Amino acid sequence: MKRARLLAGALTLVVLATGAVAAATRQAPGPARFVTDERGRTLLLHGFNTASSAKSTSDAMPELTEADVEREYRDMGTNFVRFLLQWRAVEPRPGVYDSEYLDKVAERISWYAERGYHVLLDMHQDLWGPGITPTAVAGNGAPAWATHLDGLPVAQDHWTWEMYYLEPGVIRAFDHFWNTTGEHPELMEHYAGAWRAVAERFKDEPAVLGYDLMNEPWGGSVQGAAFESGPLAELYRRCVERIRAVDNDTWIFLEPQAVGVNWGLPSALPAIADPREGEPRIGLAPHLYPLPLDLGEGYEGGSREWTDRTLGWWKENTLRAADRIGGPIILGEFGLDMTKPGAEDLVERVLDLGDELGMGRAYWSRDPGPWGPYSEKGEPGPLVAVMNRAYPRAIGGVPYRIEAGERRLTVGFEANGSGPTEIYLPADEYPNGGKVTGGTGVWDAARRVLTVQTPAQGRVELVVTPA
Ligand code: IDC
């Protein structure tokens, strides 16, 4: 049975904008803006990263079938996927974009689109690219032609993958990319050009909600504020410019530097101007990996205490950074080995934080195994029950309170006439669907979605309990 969930802070909100962007001013911490659908409803994004397997398959596709997407919806009612792309696959040769690869991505996106999902395309990299070692034992993302190690060593005896980041050859590859060396000004241009090619392909696909410009940026020999406000901001400016040349509407998400910020430290990422017509659509997509858990501990004892403190720091610092950037927040990655003690509690805490902040979230990852929802044999693990929870998929206004309790979901918002509120209800807590106060609900048993009509203006507070 699920535990009662944390209370959401009661926030005072004032609706500032109408149209495509839900905005709010606040007294207590909370995001200033939210991601919205084409009708202007606030979206609460809930889903997975799909998938780590895409890093190393020959065609850079995740090991995923349409039946897997169907099963994910049946089991957990998700509405969101952070879908991994690889620069090496987008631009296999300098300036040459692989349309066959993009077609395969489009096919997978259609599986999600048919089931009402929203897709964030994530240009993934870890450790620069597969070219950092002669036999590609580590690293994914960048193409071989963009990999310049200058003969510097990359040792291969690490007990955890993250340690490769400290290898001299890997640092040099990044220093060339950021043009810290002054020798490769073309590399960032190529990267931005690859994004333009992706945007050109997907700008008219309504299921594609956003572009996550770079997974876990690493500054090489330039770190912290100097990196984030220097070369990283420069890369983001160029990507935004190239994307907006072809795509006015899709959201663009920026990641802070990962090291430190994933553990709760502040980010120095500056605001990036959005040249689009209308309200800016640039948001923040940080990751959350409390250090003890990142190092493989469970959520118990001293590790739990440290992790709880991390959640507090992370929330404060993320809200500050999102304020500066002036956009909504999507938690692009969080996750852990679900066989560790307390793992279910931790996931529930992070999902509660997502509800509290109206923050989208993508668990790492959808791959089978101890971290994922299913075992290698396809059996459901403990994560399935934790992820299968009640949440408002879309809200007809600007939320001030989302709170999933035991057999009781509260959704409070300032209505803006953007459309009905859609609420997913899991079978274990709501076997016959839900009844609602504060609006008129229609239950779709096949999708397990309660669609609630509410007044078009004023404060609405919906309380859903089992029918
Ligand atoms: C991990 C995969 C692991 C792989 C490693 C390196 O789970 O199998 O060997 O990447 O590619 C991140 C990264 C994400 C990591 C994830 C978990 O963005 O790619 O996946 N993680 O370690 N940052 C912090 C954690």
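View 1. Strand β16 (residues 421-424) pairs with strand β19 (residues 449-453) in the antiparallel sense over 4 bridges, where two strands count as paired if DSSP finds at least two bridges between them. Helices (H or I, at least four residues) and strands (E, at least two) are DSSP runs, numbered from the N terminus. Within this pair, T421 stands opposite V452 of β19. Strand β18 (residues 440-444) is also joined to β19, by 5 bridges and in an antiparallel manner, and D444 has V449 in β19 as its bridge partner. A hairpin is formed by β18 and β19 with 4 residues between them, and in the turn R448 has a positive phi of about 60°. This is a predicted model, in which local features need pLDDT of at least 70 and side-chain atom pairs count only at pLDDT 80 or more, while totals for chains, interfaces and linings use all residues. Residues are numbered from 1 along each chain as its sequence is written, and side-chain values use heavy atoms, with hydrogens and water left out.

View 2. Strand β15 (residues 408-415) is joined to the antiparallel strand β20 (residues 458-466) by 7 bridges, and the bridge partner of T410 in β20 is V463.

View 3. Because 7 of the 10 residues of helix α4 (residues 168-177) are buried, the helix is largely enclosed by the rest of the structure; buried means under 20% relative accessible area, exposed over 50%, and partly exposed in between (1.4 Å probe, protein chains only). The buried residues are G169, V170, A173, F174, D175, H176 and F177, and they pack against α2 (87-90), α5 (186-202) and α6 (224-244). Just after α4, N179 takes a positive phi of about 60°.

**View 4. The largest nonpolar core.** A nonpolar core is a set of buried Ala, Val, Leu, Ile, Met, Phe, Trp, Tyr and Cys residues joined through side-chain atoms within 4.5 Å. Of the 119 residues in the largest such core, those that touch the most other members are L121, F177, W195, F202, Y211 and L213. Helix α5 contributes the largest share of this core, 9 residues. At least three residues of the core come from each of domain 1 (2-36 + 45-388) and domain 2 (391-467), with bounds from an automatic or database domain assignment. Apart from this core lies another, of 12 residues, including L43, L45, A285 and A394.

**View 5. The surroundings of L213.** Leaving aside neighbours within four places in sequence, L213 is in contact (heavy atoms within 4.5 Å) with M123, Y191, W195, Y236, C239, V240, I243, I252, F253 and L254.

**View 6. The two domains within the chain.** The C-alpha centres of domain 1 and domain 2 lie 28 Å apart. The chain has 10 helices and 20 strands, and buried residues make up 59% of its 467 residues.
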